[in-house]
Amino acid sequence: MDAFLAVVDPWLEEHADAVLKALAPLAAFGGWTRTEYEFGDPLETAYALSRVSDALIYKFQPLLPPGSEMPWAHDIHEPERWPHVTRDQYLAAFARLGMAPIGDVAFDPFFHEVVHVAQHEDPGAPVEITGTLWPGLMFGQMLFSRTGITVRAGARHLTAGIADRSPLHNVFMRRYRETSDGSLSWGSNSQWKTDFRRDYLTDAAFHFDIDEEPDSDRNFRGEPRKLTSAERSDLVRYRCLTRPLQNPDAWQSACPGGRLTVSRT
């Protein structure tokens, strides 16, 4: 069965206009904030659509490495039975929802999700993109999804086995690694109250996770966080750990700490 013709295309015919209208307030940086909660508001609609995207790009991704523990998201779903669509079908579907492909741009964790790292013999070698597995998408100034890539890099920038294997945050599911988002701690109904993480690109800056409080050296209990400032910044930008931590005891508690703005200059 052609999943695109049988399922995706008919769904778009019926719902694309309504979904595009619901998402429209999110397209511009500063264009929408939640003043009071309403079920199915733009953040929840965007999150639900991101789950559709995760299903459609799943089979573009490599398998879990041999010997890996089964991620919880895989265990509670049957992702290997999810449909496969072509790259062109994927882009066509999301174009009807107002999305535009990111295209060929220099490596930046705002645009790119690192799927595999080939370690360069020079620890200082910069990150070089060596392949693309699936396309990323922008919705106006808002990042909808990052491009999946393979890279070659020095260990001082990205460490193989960490940058491509540590848990990926603010993502529902990937075939090749463990993920973590708000839905995975909820029941089958409440998970649809999960908010989409919003990152924006403006002329002046990259704006990460704008609906959270600013990144801080203290956790929500007011206790000092175990990560360095640079480690916290990388965790917000990459959504995962990228290198060995200065304090190895911080590994289990490492998660993005909040809003971050990075100048484009």
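Trainee: What share of the 265 residues in the protein is buried?

Mentor: Buried means under 20% relative accessible area, exposed over 50%, and partly exposed in between, with a 1.4 Å probe and protein chains only. Here, buried residues make up 48% of the 265. Keep in mind that this is a predicted model: local features need pLDDT of at least 70, side-chain atom pairs count only at pLDDT 80 or more, and totals for chains, interfaces and linings use all residues. Residues are numbered from 1 along each chain as its sequence is written, and side-chain values use heavy atoms, with hydrogens and water left out.

Trainee: How many helices and strands does the protein have?

Mentor: Both are DSSP runs numbered from the N terminus: helices are H or I with at least four residues, strands E with at least two. This protein has five helices and eleven strands. Its radius of gyration, taken over C-alpha atoms, is 18 Å, close to the 18 Å from the globule rule (2.2 Å times the number of residues to the power 0.38), so it is as compact as a globular protein of 265 residues.

Trainee: What is the strand order in the open sheet of three strands?

Mentor: Strands pair if DSSP finds at least two bridges between them. The order is β2-β6-β3, with mixed pairing. β2 (112-119) and β3 (128-134) each have a single partner strand, so one side of each lacks a neighbour in the sheet.

Trainee: In which sense do β3 and β6 pair?

Mentor: Antiparallel, over five bridges, with β6 covering residues 147-153. Look for Glu128 standing opposite Arg152 in β6.
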